[in-house]
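Hi,

Here is the structure I promised to pass on. Please have a look at it first, and then read my notes below.

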Amino acid sequence: MLLKQHGLNNYFMEKNEILYSQNQVPPIGKLIFLSLQQAVLILTTSILPAIFIKEISGDIALSISFVSVTLIVSGIGSILQGFKIKGFGSGYLCPNVCGPSYFSLSLQAFWMGGFPLMRGMVIFAGIIEMALAPMVKYLRNLFPPVVVGVVVANVGISIIPLIFANFCGSPYSSDIMLWQDVATASFTLMLITSLNIWGKGNFKLFCLLIGISVGWLMYILIIPSENLNYVGLPGIPLLAIPKMPFNFFELHFSWGLMFPFLIISLCGSLKTFGNLVAAQKITTPELTEIDMKPIAGGLWADGFTTSLSGLMGAMAVDTSSGNVGLAAATKAVSRWIGIVAGIMVLFAGFFPRISLLISIIPPPVVGAALTFAIVFMVITGFQEIFSVKLDQKKIAVVGLSMIFSLCTQFVPELFAYLPKSLQIIFSNSLTSSTVLAILLYQFFHLDNAYALISKKIRL
Amino acid sequence: MATCFISSCTHSKDNPGQRDSDINNYDYKRTKLLLKTVQKGAEIFENEGLEALKAYEKTQRFHDIYFYIYRKSDALCIYHGEDSTKINLMVKDQIDFLGKPIQKLISEALSDTINNPDAWVHFNWPRPDNIFPTWKTACHRKVMLKDGSEGFIGAGMYGYISEKEFIKISVKKACSLMTLKGDSSLQYIQSPQSAFMFFDCFIFVYDFNGNSIIDPSYKKDSKLNLLLFKDVTNHFPFRSIAEQLKITDETWNMLQFTSPESMNIRKKVIYCRKTKLGNKDVIVGSMIDAPQATWFK
């Protein structure tokens with residue numbers, strides 16, 4: 001509306017711009033490569049379970065098994081999300097990855113009680129999300145387009161620190177940027193973006209896959225010592241069934257960890273909610289308001305997958321903003337792409353050499369790929385915000401929630417002095433923006449509610 | 001990350017008498033870069049001379065790396081890229097802000113090729129353009145000077161670097177010293193002038209019953225049984241270390257704590273070794289802030 005008034009076209013406004021729609025099965029060749037492109041993006045995050053095992057001083061065998069199990073669960077989650085069976089699953093291309101949300105708390109649970117406690121608490125978090133799923137249907141009034149827009153934009157914004165750390169090749173605070181890292185990341189990003197803008201046919205469709213391959217090659221050429229990273233690969237088994245070092249039936253719970261896991265589960269649910277809403281906006285742009293049914297189904301499937309992670313001893317997985325963004329960029333939103341990508345990731349879990357090879361894609365290349373993908377996530381959020389006419393109230397809701405949520409990214413140390421119960425709201429921009437946007441929207445519209453009630457009383 | 005467990009890259013050095021160092025022991029890019037730069041600087045200086053080294057140094061200005069070269073016998077400064085006023089001065093008795101004898105520590109580090117193959121030295125020092133002291137960490141290589149005498153080349157980086165390898169070096173050195181000198185080494189190990197105190201890291205010593213000999217909290221007369229200490233996650237780090245060291249000679253562990261400046265729990269990495277102090281088996285360790293992910297605030 002407003003965009004059209006200003007002569008601007010909504011990027012996803014036209015349904016016929018979508019290349020492969022939600023239920024359309026792309027031709028086999030295209031399906032395989034589009035799925036591979038999505039799978040590669042999922043596999044790049046398998047570095048997180050490897051870091052986890054490094055943190056707990058685990059050995060190579062444990063690391064391989066842990067990465068593999070996590071990939072298997074990611075694959076299952078991506079497949080489930082693509083289906084929509086009796087309200088279970090969203091039916092959108094919204095794959096699962098091992099995201100950073102649960103990293104810190106899982107580590108804490110491990111230190112307190114090893115794998116049994118970590119598994120127990122992750123199962124608990126998944127159950128919370130599953131319990132939330134049916135309630136989402138009744139929350140439609142809390143999520144008008146401006147609030148949805150703020151949430152979706154912040155799903156992307158909240159992972160910018162992770163992406164940028166990769167982009168600069170600096171995994172640790174107080175480390176340096178090497179020109180080789182920045183050059184590789186910049187080149188890869190420009191290549192992917194250029195192919196997406198000016199590329200034709202397959203070049204446009206597989207821009208990310210081409211960009212990652214060329215960027216990876218460039219990195220090896222300009223930092224030859226990085227070739228040594230691959231020296232140990234032949235020693236890794238090609239095919240292996242992951243073995244985790246715990247009794248499958250031994251699960252522990254901790255009352256002390258219940259509250260943190262409850263909160264992180266709510267945050268994870270919000271992130272998944274944002275991802276699913278974005279997937280819905282991209283897949284069905286003709287919808288004027290959110291269809292809560294597939295969102296609830298998606299949350300249910302996501303909660304189930306999180307619990308499955310705990311049961312199988314994997315790192316908790318949740319939905320991937322990057323993959324939704326990639327779908328938006330390529331305009332290939334068919335759920336079959338997500339399902340086939342899930343199958344690929346599931347199989348990668350049994351081929352540790354392949355999954356490890358992809359997990360050591362240079363961080364600057366991963367950073368560039370994720371930067372490209374996340375652009376579409378953030379812009380989808382902005383478009384949702386501007387899809388309605390912004391009056392003073394809505395401007396205040398969007399502006400205030402964005403400013404205060406960005407503060408959590410810019411000056412997190414300020415929020416460290418808040419009481420523990422409030423800290424969790426300001427732990428990242430997604431939670432703070434969602435809470436603020438919902439509260440502010442309701443508060444600024446109290447006069448409307450008052451007017452409505454008065455009118456009814458007079459009648 | 002993945003790199004660390006599937007690769008094993010050993011960079012050999014040309015300098016005789018020095019054990020090969022493994023660049024993959026280090027977590028930080030800046031540490032690796034400094035090490036590589038000093039290795040290359042040593043090669044250039046020995047093969048092509050000082051002018052070639054200066055030209056190479058110019059290419060490293062982006063990373064704030066400057067070389068210095070000293071003659072070992074009398075600490076005559078042959079070259080100093082960061083502070084040219086030091087050139088041709090003899091600085092044998094030079095000390096840092098904490099009283100650490102810099103040249104002596106470098107000399108010791110260069111000869112301790114088993115524990116400290118890259119000759120790391122930490123000192124508290126103001127930058128040339130600043131009056132406040134800051135930690136500087138430097139690595140060194142032996143070089144042959146033009147006149148045939150022995151010298152060394154080094155370069156450093158400013159600031160606190162949570163490099164786990166630094167505490168490993170420190171603990172291994174402390175164990176060697178304690179084995180050699182027994183109880184009399186303890187006072188030196190606790191001295192701020194020694195190589196064992198840098199950043200906020202120091203050596204602690206306790207026995208297998210949890211009695212501290214040098215307390216990790218640095219209390220002189222601590223009565224705390226370390227085996228009973230648990231961190232904020234209910235983990236017993238010192239008990240776990242003692243149990244591990246009954247079956248192995250060295251171990252890594254973690255201690256987590258809360259900090260008012262951070263919403264997240266912070267971590268210290270602990271490195272410990274088992275050694276003899278007189279006839280008694282003791283645990284020697286040190287801890288350093290765990291490397292923190294850029295995105296994890």
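Which residues have the most contacts inside the largest nonpolar core? They are A:Val151, A:Ala369, B:Ile203 and B:Val284, in a core of 204 residues. A nonpolar core here is a set of buried Ala, Val, Leu, Ile, Met, Phe, Trp, Tyr and Cys residues joined through C-beta atoms within 7 Å. Helix α5 of chain A (residues 103-132) gives the most to this core, with 18 residues.

Before going further, a word on the conventions. This is a predicted model, in which local features need pLDDT of at least 70 and side-chain atom pairs count only at pLDDT 80 or more, while totals for chains, interfaces and linings use all residues. Residues are numbered from 1 along each chain as its sequence is written, and chains are lettered from A and ligands numbered from 1 in the order in which they are written.

Leaving aside residues up to four places away in sequence, A:Ala369 touches A:Leu41, A:Thr44, A:Ile192, A:Leu208, A:Gly211 and A:Ile212. Contact means that the C-beta atoms of two residues, placed from the backbone, lie within 7 Å.

Chain A is divided into domain 1 (2-385) and domain 2 (390-459); domain bounds come from an automatic or database domain assignment. The C-alpha centres of these two domains of chain A are 28 Å apart. Their contact takes 18 residues from domain 1 and 18 residues from domain 2. On the domain 1 side, the elements giving two or more residues are α6 (145-157) and α11 (255-283) of chain A, and α6(A) provides the largest share, seven residues. That side has 14 nonpolar, three polar and one charged residues. For these classes, Ala, Val, Leu, Ile, Met, Phe, Trp, Tyr, Cys and Pro count as nonpolar, Asp, Glu, Lys and Arg as charged, and the others, Gly among them, as polar.

Do look at helix α21 of chain A (residues 446-458) too. Its 13 residues reach 18 Å from the first C-alpha to the last, close to the 18 Å expected at 1.5 Å a residue, where the expected span is 1.5 Å times one less than the number of residues. The number of buried residues in α21(A) is zero, so this helix lies largely in the open. Buried means 20 or more other C-beta atoms within 10 Å of a residue's own, exposed means 12 or fewer, and partly exposed is in between, with C-beta atoms placed from the backbone.

On to chain B, which has seven helices and ten strands; these are DSSP runs numbered from the N terminus, helices being H or I of at least four residues and strands E of at least two. Of its 297 residues, 38% count as buried. The C-alpha atoms of chain B fill a box of roughly 60 × 45 × 40 Å along the principal axes.

The assignment for chain B gives domain 1 (2-158) and domain 2 (164-289), with C-alpha centres 28 Å apart. Here 15 residues of domain 1 are in contact with twelve residues of domain 2. The elements giving two or more residues to the domain 1 side are α4 (102-111) and β3 (121-126) of chain B, and the residues of that side divide into six nonpolar, five polar and four charged.

Finally, B:Gln244 sits in helix α7 (residues 237-245) of chain B. B:Gln244 is partly exposed, because 18 other C-beta atoms lie within 10 Å.

Best wishes
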